[in-house]
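Notebook open, model loaded. I'll jot down what I look up as I go.

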Amino acid sequence: MSTQTSPNGGPVVEVRELVKDYVTRDARLRQHIARAVDGVSFEIGAGETFAIVGESGSGKTTVGRVLLKLTSATDGTVTFRGDEILDIKERHFRPERRHMQMVFQDPLAAFDPQATIRSSLREFTRLSGIETRLEQNEAIARAVRSVGLEPDIVDRRPSQVSGGQLQRLSIARSLLPEPELLFLDEPTSSLDVSIRGQIVNLLLDLQESNDLAYLLVAHDLRVVYAMAHRVAVMYLGQFVEVGARDQVYANARHPYTRGLLEAAELDEPPRRGDPVRLVGEISEEAATKPGCRLTLRCPYAVERCEEPQPLRETSAGHLVRCWRAVEQPVEIGLPPDD
C-alpha cells in the first residue's frame with residue numbers, strides 16, 4: 001500500500017533516524033547510557049496503520065512516546081503535518097497537540113477514578129475550542145455514540161463500567177479534539193479475548209470514516225494482522241524487518257520475525273520458509289553490539305553476523321537487517337526471493 005497524504009500534501013508524520021538514549025547510574029554512581037531507540041525511520045499516511053511489533057524491552061512504546069513529545073528525543077527528526085516538531089517548545093506545540101492523541105493500554109489507569117467520565121471527556125472538548133457546557137455535552141454525546149455507547153454512560157465513574165466499555169470511552173475521548181494521528185499503545189491487551197475483536201473492528205471503522213493515521217504498538221500478532229497496512233519488527237531499538245503486512249507475515253525473512261510468528265502459532269496466512277525457534281531471552285547487553293543483536297539467540301548466526309548490519313531491500317518495499325536473508329536465503333531455510 002502506498003502512503004497516503006495529509007492535507008499539506010505529504011505524510012501525516014515522518015520519522016527519520018530517531019534515537020532515544022536513557023542515562024542510568026549503577027550502585028557506584030557510574031553513568032551508563034542505554035539506547036532504547038537506535039536510528040528508526042518511517043512515515044504514516046492518512047488512513048494508514050503502521051504497526052511496530054516486538055518483545056517487551058524492544059523500544060516500540062518509546063517510539064510512540066517520543067512521537068507525541070511525551071519523552072524527549074536524543075537525535076533525529078519528526079515531521080508532523082509538514083512541520084518539524086522535536087525542537088518546538090512545549091508552549092508553542094500545545095495548540096498542535098490536539099492533532100495527535102493516544103489510546104492507552106490500560107483504560108482504567110487512563111481515567112481519574114474519582115471523577116465522572118464526563119468530566120474527563122470535557123477536558124478534551126476544550127482542546128478543540130468548544131467553550132460552552134451545552135456544546136461540550138453535545139460533542140461528548142456524539143463521540144460516545146460514535147463508539148457504540150449511549151451518552152448517559154458518561155455520568156458514571158470509571159470503576160462502574162466494564163473494561164470494554166471503558167476502552168471505547170477512551171477511544172471516544174481521543175477523538176474529541178479531532179486528531180489526525182492516534183498512537184495505539186497495546187489497545188486490546190488488557191481486554192478479554194471476546195472483547196478484543198469488537199475494539200479492533202471499532203478502530204478500523206473509525207479509521208475509515210475519519211481518515212485517521214494510526215501508529216499501532218502491540219504484542220498480539222493477530223491484532224496487528226487485522227489492523228496493519230505496514231509492519232516494522234523491532235529488536236533492541238532497531239527495526240530488523242519492515243514491509244507491507246503480507247510481506248512480513250507470509251514471507252518473513254529475518255530470523256527474529258520468523259521466531260515471533262512461530263511462537264504466535266498463527267492459523268493464517270501460510271508462511272514460506274522453515275520455522276525458527278529462538279533460544280534465550282532479550283538482553284540489554286546485546287544492544288551495544290556493533291553487529292546483529294540477535295546472534296546469541298539465532299540458530300543461523302555465523303562470524304560475519306558480528307559485523308554491522310544495515311537494512312537492505314529484498315523486494316520492493318521489503319527491508320531486512322540480515323545479510324544471510326539477502327545473500328544466502330536458502331542456507332537459512334528460506335525460499336529464494338522472488
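How do the residues of the lining of the largest pocket divide into nonpolar, polar and charged? I get seven nonpolar, ten polar and six charged. Ala, Val, Leu, Ile, Met, Phe, Trp, Tyr, Cys and Pro count as nonpolar, Asp, Glu, Lys and Arg as charged, and the others, Gly among them, as polar.

Ground rules: this is a predicted model, where local features need pLDDT of at least 70 and side-chain atom pairs pLDDT 80 or more, while totals for chains, interfaces and linings use all residues. Numbering starts from 1 along each chain as its sequence is written, and side-chain values use heavy atoms, with hydrogens and water left out.

Pocket: I find about 480 Å³ of space in the largest one. Of its 23 lining residues, A34, R35, A36, E284 and A287 are the closest to the centre. β2 gives the most to this lining, five residues. The elements giving two or more are β1 (13-25), β2 (31-44) and α1 (60-67). A pocket here is an open set of points on a 1 Å grid over the protein atoms alone, where a 1.4 Å probe fits, with protein on both sides within 12 Å along at least five of seven lines; lining residues have an atom within 4 Å of a point. Volume is the space filled by probe spheres set on the points, which are joined across faces, edges and corners.

Sheet: I traced eight strands in an open, mixed sheet, ordered β6-β7-β8-β3-β9-β10-β12-β11. Its edge strands are β6 (100-103) and β11 (312-315). Strands are DSSP E runs of at least two residues, helices H or I runs of at least four, numbered from the N terminus; pairing takes at least two bridges. β3 (49-53) and β8 (213-218) pair parallel over five bridges, with T49 bridging to Y214 in β8.
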